[in-house]
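Work through the exercises below with the sequence and the coordinates at hand, and try each task before reading its solution.

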Amino acid sequence: LGYADDSYDTVLKGLQSKQFNTNAMKQSGLFVDTKNGYVDRFRSRIMFSIHNPAGKVIAFAGRIYNSNNPAKYVNSPETPLYVKSQVLYGLDKTKNEIIQSSCAIVVEGYLDLLQLYQSGIKNVVAVSGTALTEQHAKIIKRYCNNIYLAYDGDNAGVTSAIKAAYVLIKNG
């Protein structure tokens with residue numbers, strides 16, 4: 001976990017001072033192009049780093065801690081490294097537990113995963129801001145054949161769980 005302060009240019013100035021390639025900075029998803037130039041995408045947020053299965057950081061998600069902002073979560077856009085429909089949050093840390101237990105628990109979000117993991121339930125992954133896709137199902141199938149859905153109990157969570165179940169059944 002990390003923190004993004006309320007500045008519009010902390011990350012921008014930091015990377016510029018290290019002389020990062022401008023094109024790489026544009027493709028990173030860390031900035032938004034405005035009429036006044038580039039600004040930091042993430043401000044006033046608790047930050048979650050998103051990793052690929054090898055443990056390399058490929059994206060970020062930020063949860064607002066100041067209730068004045070209507071956007072609860074801001075996520076990295078899709079980039080050459082980050083395709084949301086092909087990434088399961090936490091898999092880099094939990095894949096061995098999934099293999100060992102022969103099952104995975106799929107949750108909706110970052111905090112759902114962290115709460116379970118902190119409580120000792122470590123065979124968990126999160127879809128994080130997107131519906132469970134066929135690519136997700138295929139990725140999980142590499143590690144196990146038994147999947148439990150632990151989505152929110154509200155109408156949206158139940159509807160998402162039903163759709164996810166169809167995707168999982170379709171993919172064996």
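The exercises that follow concern a predicted model and treat a helix, a core and a hairpin in turn.

**Exercise 1.** Determine how the length of helix α6 compares with the expected span, and which of its residues are buried and which exposed.

*Solution.* Begin with the span: α6 covers residues 155–170, and its 16 residues reach 23 Å from the first C-alpha to the last, close to the 22 Å expected at 1.5 Å a residue. Next, taking buried to mean under 20% relative accessible area, one finds G157, A161, A164, V167 and L168 in that class. Viewed down the axis of α6, these buried residues fall within an arc of 125°, so they line one face of the helix. On the other side of α6, N155, K163, Y166, I169 and K170 are exposed. Finally, the buried residues of α6 pack against α5 (134–141) and β9 (146–150).

**Exercise 2.** Identify which residues touch the most other members of the largest nonpolar core, and which element supplies the largest share of this core.

*Solution.* The largest nonpolar core has 18 residues, among which L132 and I140 touch the most other members. At least two residues of this core come from each of α3 (91–101), β7 (103–107), α5 and α6, and the largest share, four residues, is supplied by α6. With neighbours within four places in sequence left aside, the contacts of L132 include A164, V167 and L168, as well as V106 and I140.

**Exercise 3.** Describe how strands β2 and β3 are paired.

*Solution.* Strand β2 (residues 31–34) and strand β3 (residues 37–40) run antiparallel and are joined by four bridges. Within this pairing, D33 stands opposite Y38 in β3. The two strands form a hairpin, with two residues between them.

How values were computed. Residues numbered from 1 in each chain as written. Predicted model: local features only at pLDDT ≥ 70, side-chain atom pairs only at ≥ 80, totals over all residues. Heavy atoms only, no water. Expected span 1.5 Å × (residues − 1). Buried < 20%, exposed > 50% of the residue type's maximum accessible area, 1.4 Å probe, protein only. Arc of directions from axis to C-beta. Contact = heavy atoms within 4.5 Å. Pairing = 2+ DSSP bridges. Core = buried A, V, L, I, M, F, W, Y, C linked by side-chain atoms within 4.5 Å.
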